[in-house]
Amino acid sequence: MEKEFDPYLRIDDVAVDRSDVEMLRAIDDCGSLSGAADALERSYPRLQQRVVELEEAIDPLVERTRGGADGGGSSLTATARDLLARFDRLVAAYEGVARVDETVLSGPVVDRDGELATVETAAGTVLAVVPADAGTAAVTIRSDAVSLHAPSDAPPIEGTSVRNRFSGTVAWLEAGDAVARVGIDLEGGSNGDDPVELVALVTRRSVDALGLEPGRAIVASVKATAARGVAVTNRDGD
């Protein structure tokens, strides 16, 4: 399995890593800690405890409101948004000049479980965080959120947060000194069109470990919470 980048911010005795950033962004997206816990498939008490730990080391990150007509909720403070921006700058510096590509897969929402929706795309079904009112969604997958595996080592879909798994073939590879961009032609399209291309950003070490080269069979996986969708409307506004 390809282990992706693990940058972190050290603040006093606390390390802020990708998991913490995912948590804060899920709180922002869902508007509550409980919704974020459900979307991330994490324990609510543990998520709440982690917020407290970070706030003790940094400053208030989540502003909570109670009651009212909308039933209350949670939103990020300016400190939290600054923290996310700092982390993004760290990731950009860590990745050097490597370009972070985005693959967009669109289609109708065919099922929903809370904040997570199943979207039928040309590459097959994709589980993603999608707005509740979306009937059709465009799902964006960043190349640095894609993990690559040898077909024999691919993780199971059920029972894990890695709910999106795509089989495909390496189409091209662009290697730098430390990282590489990998283009993957995905299988599984249902309409017979040309293969859908997914781009992954991996380390050079993983290129060697996985034997990546054009024509190599590969499995790409993406956490449901790393696939983000926006509602798509047609020109008539329907």
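Here are some numbered notes on this predicted model, meant to be read with the structure open beside you.

1. **The whole protein.** Let's begin with the overall picture. The protein has 14 strands and 5 helices. It is built from 238 residues, and 42% of them count as buried. Its accessible surface comes to about 12400 Å², with 46% of that belonging to carbon and sulfur atoms. Look also at how the chain meets itself: among contacts between residues at least 6 apart in sequence, 62% join residues at least 24 apart.

2. How many of the residues of H2 are buried? The count is 6 of 8, so this helix is largely enclosed by the rest of the structure. You can find the buried ones by name: Leu33, Gly35, Ala36, Ala37, Ala39 and Leu40. Just after H2 comes Glu41, which takes a positive phi of about 60°.

3. Setting aside residues up to four places away in sequence, Ala36 touches Met23, Ala26, Ile27, Cys30 and Leu47. Take Ala26 from that list: Ala36 and Ala26 are 10 residues apart along the chain, and their C-alpha atoms are separated by 4.9 Å.

4. **How H2 meets H3.** Two packed helices are described by the distance between their axes and the angle between them. For H2 and H3, the axes come within 9 Å and cross at roughly 120°. The crossing is right-handed. Which residues meet here? From H2 come Leu33, Ser34, Ala36, Ala37 and Leu40, while H3 brings Tyr44, Leu47, Gln48 and Val51. The residues of this contact divide into 7 nonpolar, 2 polar and no charged.

5. **A salt bridge between separate parts.** Side chains of opposite charge can pair when their charged atoms come close. A search of the whole structure finds 9 salt bridges. One of them joins Arg42 and Glu22, with the closest N and O atoms 3.6 Å apart. Where do the two partners lie? Arg42 is in the loop between helix H2 (33-40) and helix H3 (44-57), whereas Glu22 is in helix H1 (residues 18-30), so the pair ties together parts that are 20 residues apart in sequence. Both ends are partly exposed: Arg42 has a relative accessible area of 27%, and Glu22 has 23%.

6. **Further salt bridges.** Next, Arg64 forms a salt bridge with Glu55, and their closest N and O atoms are 3.9 Å apart. Here Arg64 is partly exposed, with a relative accessible area of 40%, while Glu55 has 19% and is buried. The cut-off matters for Glu55, because buried means under 20% relative accessible area. There is also a network of salt bridges that links Asp20, Arg50 and Glu53.

7. **A buried residue in a strand.** Now move to strand E10 (residues 164-175), where you will find Val170. Its relative accessibility is 3%, so Val170 counts as buried. Leaving out residues up to four places away in sequence, Val170 touches Val182, Gly183, Leu212, Glu213, Pro214, Gly215, Arg216 and Ile218. Of these, Arg216 is 46 residues from Val170 in sequence, and the C-alpha atoms of the two are 5.3 Å apart in space.

8. **A partly exposed residue in a strand.** Finish with Ser75, which lies in strand E4 (residues 72-76). At 31% relative accessibility, Ser75 is partly exposed. Its contacts, not counting residues up to four places away in sequence, are with Leu61, Val62 and Glu63. Ser75 and Cys30 are 45 residues apart in sequence, with 9.0 Å between their C-alpha atoms.

Notes. Residues numbered from 1 in each chain as written. Predicted model: local features only at pLDDT ≥ 70, side-chain atom pairs only at ≥ 80, totals over all residues. Heavy atoms only, no water. Salt bridge = Lys/Arg side-chain N within 4 Å of Asp/Glu carboxyl O. Helix = DSSP H or I, 4+ residues; strand = E, 2+ residues; numbered from the N terminus. Buried < 20%, exposed > 50% of the residue type's maximum accessible area, 1.4 Å probe, protein only. Contact = heavy atoms within 4.5 Å. Areas by Shrake-Rupley, 256 points an atom, 1.4 Å probe, with all protein chains shown as cover. Axes fitted to C-alpha atoms, helices over the stretch in contact; angles between N-to-C directions. Left-handed = near helix turned anticlockwise from the far one by under 90°. Nonpolar A, V, L, I, M, F, W, Y, C, P; charged D, E, K, R; others polar.
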